[in-house]
Structure formats: C-alpha cells, structure tokens
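Visitor: I have the sequence and the model on screen. Can we walk through it together?
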Amino acid sequence: MSQLATTDVSLSYGDFLVLDKVTLSMSLSGLHGMIGPNGAGKSTFFAVLSGLLPPSRGSVSFDGSVLRAAGPAARARQGLGRTFQIPREFRHLTVRENLMVGPREQPGESLLGLFLSPARVRRAEAEIADKAAQLLDFLRLSAVADKPAGGLSGGQKKLLELGRALMSDPRFILLDEPYAGVNPVLIEEISQRIREINAERGIGFLIIEHNLMALNRLVEDLYVLDSGRLLAHGRPDEVLADPRVRAAYMGAMTEEVQA
Ligand SMILES: Nc1ncnc2c1ncn2[C@@H]1O[C@H](COP(=O)(O)OP(=O)(O)O)[C@@H](O)[C@H]1O
Ligand SMILES: [Mg+2]
C-alpha cells in the first residue's frame with residue numbers, strides 16, 4: 001500500500017535532541033493528525049518530511065522509495081506537498097494571481113518560454129488560469145479572486161495557502177496548524193474542504209493542530225509527539241484518553257504556568 005513513512009528519524013541542534021528515532025508509517029490516502037505539547041518537535045518533523053531539514057539520522061520514504069537529499073521543490077514534484085504562508089511580496093498580488101504564480105522555488109517556470117513555442121506557452125498559461133478558476137470556486141474564494149491577498153481574513157488566507165498547494169497536484173499534503181488564527185465558522189469550512197479534497201481527489205493529509213476538538217472530528221488517527229519521541233498512535237478518542245498523552249499535556253501546561 002502507498003505510504004509516507006519514517007524510519008528512526010532523529011535530529012539534533014547541537015547537543016539538543018529535537019527528534020528521537022521517530023518511526024511511523026501512514027497511508028497516502030488517509031486523513032491523519034499529529035499533536036503534542038509546544039516544543040515537542042512537530043514542526044521540525046514536518047521540515048524533515050518536506051525536505052527542508054535533513055535528519056541527523058534515519059530516513060523518509062514516500063510511496064515505496066526513500067527520499068534522499070531532495071528539497072521541498074523536488075518533493076512537491078514527487079507529490080508530497082505542503083502549505084506555505086503567503087510570502088510578504090505576494091500580499092499585494094490578487095488571490096487569483098497567488099494561485100497562478102506557483103511556488104517561488106519551482107525552477108524552470110520562467111524558462112518555459114525558452115523551450116515551448118509561444119502558442120504552447122499560451123496554452124499552458126490558459127490551463128493554469130482554468131485550474132486556478134476551478135480552485136477559487138471550490139474554495140469559495142471566487143468573490144475575492146481579484147482582491148489583494150493581503151486583505152483576506154485569517155481563514156481565507158489558510159484556504160488560499162491550501163489552494164496554492166493544490167495547484168501542483170500533490171498526492172499528499174502536510175498542514176501545519178490550519179486552524180491557527182481562524183474563526184470557528186471558517187474552521188468548520190476548512191475541515192469540510194479537506195474532507196472533500198480527500199474524498200473526491202484521493203489526496204491524503206497529515207495535519208498538525210492544537211485545536212484537538214476540530215482535529216478529532218476530521219482525522220482517522222492521531223500521532224502524539226512528546227519531547228521528540230513518538231509517544232502514542234491510534235484512533236483519536238483512544239489517543240486522547242491515553243493517560244500518557246494526558247500526562248504529557250499536563251506536564252507541558254504546568255511548565256507553561258511556571259514559565
Ligand atoms: N533552529 C533551531 N535551533 C535550535 N533549536 C530549535 C530550532 N528550531 C526549533 N528548535 C527547538 O526544537 C524544539 C522543537 O521545536 P518545534 O519543532 O518548533 O516544536 P513544535 O512545532 O512541536 O512546537 C523546541 O524546543 C525548539 O525550541
Ligand atoms: Mg510548531
């Protein structure tokens with residue numbers, strides 16, 4: 001079966017072990033969640049999965065092949081996508097333009113004209129425009145399509161980030177805190193779009209989120225990271241009832257109160 005998997009992934013900053021032999025595997029077709037107290041290493045783990053940071057030890061494999069030194073752009077081309085905050089210099093571009101420009105690091109795009117005839121460049125551009133229009137419609141962003149992206153609400157920005165990831169036709173998407181700074185109505189809307197993307201296009205997700213209630217309703221299983229280690233994995237209700245998971249969160253809360 002097609003999987004995203006890690007084997008003994010460790011990463012340290014100097015003497016500080018941020019990820020400690022994380023071994024897991026998940027289906028590329030499913031909706032999966034990752035939780036853990038602040039500083040547990042979740043974002044670092046995503047950086048390793050997406051190729052932003054090389055692990056100190058261990059390996060990441062995607063659909064049966066080990067991903068070696070490939071960076072985020074190469075991994076995106078292989079089908080492993082992630083969302084990025086809209087870059088500062090893109091905030092004055094319209095929502096539609098943000099979908100059409102593609103990821104900044106995608107090489108070769110500006111070279112398109114060197115290899116293709118003008119007619120084929122125009123056709124390629126028309127296809128991109130079509131795809132963007134369909135995504136705007138699907139994400140309920142058509143009404144703001146020609147407004148500057150900088151003026152969107154927190155939730156609409158998250159939808160646009162999702163749209164930018166979808167433009168490159170990923171098979172699997174990593175989402176880091178899609179509900180952060182989003183009002184409750186839009187949280188439910190984002191969850192609904194994720195369900196539809198999964199059901200209709202077969203795209204799987206791994207989602208890091210602090211909003212456990214919303215995440216619990218969305219995913220089929222949860223991975224818990226604590227101090228860089230995989231502490232638990234299973235069905236969301238089971239994991240959230242696990243005394244070790246509760247203890248990890250309580251410990252983190254106590255530390256925060258003391259800090
Ligand atoms: N560039 C860095 N240099 C040193 N330590 C870092 C760096 N980035 C993150 N850390 C540390 O690694 C740990 C895990 O961080 P992070 O992956 O952001 O956790 P999470 O996303 O679970 O909150 C934290 O203790 C954090 O302070
Ligand atoms: Mg984080």
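**A helix, a core and a ligand shell**

Guide: This is a predicted model. Start with helix H6, residues 154-166, which has 13 residues and reaches 19 Å from its first C-alpha to its last, close to the 18 Å expected at 1.5 Å a residue.

Visitor: How many of the 13 residues of H6 are buried?
Guide: A residue counts as buried if 20 or more other C-beta atoms lie within 10 Å of its own. The buried ones include Gly 155, Lys 157, Arg 164 and Leu 166. H6 is mostly covered, and the count of buried residues is eleven.

Visitor: Where does the largest nonpolar core lie, relative to domain 1 and domain 2?
Guide: This core has 61 residues, and Val 48, Ile 207, Val 224 and Leu 225 have the most contacts inside it. H6 gives the most to the core, with five residues. Domain 1 and domain 2 both give residues, so the core lies between them.

Visitor: How far apart are the C-alpha centres of domain 1 and domain 2?
Guide: Domain 1 is made of 3-79 + 170-258, and domain 2 covers 88-152. Their C-alpha centres are separated by 28 Å.

Visitor: Which helix gives the most to the shell around ligand 1?
Guide: The residues around ligand 1 include Tyr 13, Val 18, Gly 36 and Lys 42. By class, the shell has three nonpolar, six polar and one charged residues. Leu 225 touches Gly 36, Ala 40, Gly 41 and Lys 42, among others. With three residues, the top contributor to the shell is helix H1.

Note on methods: Residues are numbered from 1 along each chain as its sequence is written. Chains are lettered from A and ligands numbered from 1 in the order in which they are written. This is a predicted model: local features need pLDDT of at least 70, side-chain atom pairs count only at pLDDT 80 or more; totals for chains, interfaces and linings use all residues. A residue is near a molecule or strand if its C-beta atom, placed from the backbone, lies within 6 Å of it. Helices (H or I, at least four residues) and strands (E, at least two) are DSSP runs, numbered from the N terminus. Ala, Val, Leu, Ile, Met, Phe, Trp, Tyr, Cys and Pro count as nonpolar, Asp, Glu, Lys and Arg as charged, and the others, Gly among them, as polar. Domain bounds come from an automatic or database domain assignment. The expected span of a helix is 1.5 Å times one less than its number of residues. A residue is buried if 20 or more other C-beta atoms lie within 10 Å of its own, exposed if 12 or fewer, and partly exposed in between; C-beta atoms are placed from the backbone. A nonpolar core is a set of buried Ala, Val, Leu, Ile, Met, Phe, Trp, Tyr and Cys residues joined through C-beta atoms within 7 Å. Two residues are in contact if their C-beta atoms, placed from the backbone, lie within 7 Å. Lists of a residue's contacts leave out its neighbours within four places in sequence.
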